[in-house]
Amino acid sequence: MRKSLVAGNWKMNGSLETVDALAEGIVQNQAEIGCDVLVCPVSVHLDRVSRLIDGSLVKLGAQNCSDKSSGAYTGEVSAEMLKEVGCSFVILGHSERRTLFSEGDELIRNKLLSVLDAGLIPVLCVGETLDEREQGVAEAVVKAQVLAALKGVTKNLESVVVAYEPVWAIGTGLTATPEQAQAMHAFIRSVLAEISEELSLKVRILYGGSVKPENAREIFGQPDIDGGLIGGASLKVKDFISICQAAG
Ligand code: PEP
């Protein structure tokens with residue numbers, strides 16, 4: 001009922017040349033992919049990648065956006081602007097934005113509202129630190145992040161994608177075991193069910209954190225895992241395609 005989604009978060013990587021090769025390589029291999037595929041380059045590469053993937057099955061997403069619609073906000077990019085260059089998704093609340101750029105729950109919620117207002121799909125990232133897991137508060141932290149971001153949101157709520165990314169597994173080579181990931185995904189679904197049972201069945205929940213071709217199949221095989229948000233391994237066409245194949 002939920003179609004798997006694999007999203008590549010290219011972060012602040014690449015040049016015009018490498019981004020072209022990556023986008024073209026993914027499009028050339030799209031016939032081998034059975035899941036929804038999303039690529040998220042840096043904002044200055046969005047327009048270019050949009051043209052390269054035009055007419056293909058590959059979707060375009062941004063890594064961040066402003067909570068404001070327009071005006072004197074130097075350096076910001078609005079959801080409408082992202083839509084105009086071809087984005088249909090926006091990653092929000094990534095742990096790098098939460099920690100390195102001090103983004104808090106309220107700002108993330110306001111960004112989420114802007115994204116939904118523009119008719120785009122937010123990929124809401126949530127996840128606990130290693131310290132929080134060791135203290136036994138991982139579920140409480142993740143629940144608070146999910147509920148704070150979705151508080152009072154009604155419009156297009158079912159389109160939201162949640163990405164569970166344990167902070168200790170991002171870019172570290174450490175991966176949650178399939179059982180750990182499944183347990184948290186099932187928990188997130190139970191949190192969504194507190195809002196609405198129907199919502200909890202419709203929302204796609206992705207796993208992120210050192211997913212590689214070698215571990216993707218087992219992770220994606222879990223019943224509440226609907227695909228992945230991929231960082232490092234999304235920068236190599238071969239690895240990204242094989243991760244997409246593992247998702248369906
Ligand atoms: C990410 O940054 O969203 C991520 C999951 O990174 P990596 O796959 O490199 O751990």
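Colleague: What covers the buried residues of helix 7?

Modeller: In this predicted model, the buried residues of helix 7 are A138, V142, Q145, V146, A149 and L150. They lie on the same side of helix 7, because they cover an arc of only 115° around the axis. What covers them includes strand 5 (121-126), strand 6 (161-164), helix 5 (105-117), helix 6 (130-134) and helix 8 (178-195).

Colleague: How far apart are the end C-alpha atoms of helix 7?

Modeller: Helix 7 runs over residues 138-150, which is 13 residues. At 1.5 Å a residue the span should be 18 Å, and the model agrees, with the end C-alpha atoms at 19 Å.

Colleague: Which residue with a positive phi follows helix 7?

Modeller: The phi of this residue is near 75°. The residue that follows helix 7 is G152.

Colleague: Is N156 buried, exposed or partly exposed?

Modeller: N156 lies in the loop between helix 7 and strand 6. Its phi is positive, near 55°, though N156 is not a glycine. A residue is buried at 20 or more other C-beta atoms within 10 Å and exposed at 12 or fewer. N156 has 15, so N156 is partly exposed.

Colleague: And S102, buried or exposed?

Modeller: S102 sits in the loop between helix 4 (95-100) and helix 5. Another residue other than glycine with a positive phi, S102 has a value of about 50°. S102 has 8 C-beta neighbours inside 10 Å, and therefore counts as exposed.

Colleague: What about A169, buried or exposed?

Modeller: A169 is in the loop between strand 6 and helix 8. Leaving out residues up to four places away in sequence, A169 touches L174, T175, A176, G209 and S210. Because 22 other C-beta atoms lie within 10 Å, A169 is buried.

Colleague: How far is A169 from G127 in space?

Modeller: In sequence, A169 and G127 are 42 residues apart. From C-alpha to C-alpha, the distance is 9.7 Å.

Colleague: How many residues around the ligand are charged?

Modeller: The ligand is surrounded by 13 residues, and the closest are G171, G208, S210, G231 and G232. The shell divides into 5 nonpolar and 7 polar residues, and the number charged is 1.

Definitions and conventions
Residues are numbered from 1 along each chain as its sequence is written. This is a predicted model: local features need pLDDT of at least 70, side-chain atom pairs count only at pLDDT 80 or more; totals for chains, interfaces and linings use all residues. A residue is near a molecule or strand if its C-beta atom, placed from the backbone, lies within 6 Å of it. Ala, Val, Leu, Ile, Met, Phe, Trp, Tyr, Cys and Pro count as nonpolar, Asp, Glu, Lys and Arg as charged, and the others, Gly among them, as polar. Helices (H or I, at least four residues) and strands (E, at least two) are DSSP runs, numbered from the N terminus. The expected span of a helix is 1.5 Å times one less than its number of residues. The arc is that of the directions from the helix axis to the C-beta atoms. Two residues are in contact if their C-beta atoms, placed from the backbone, lie within 7 Å.
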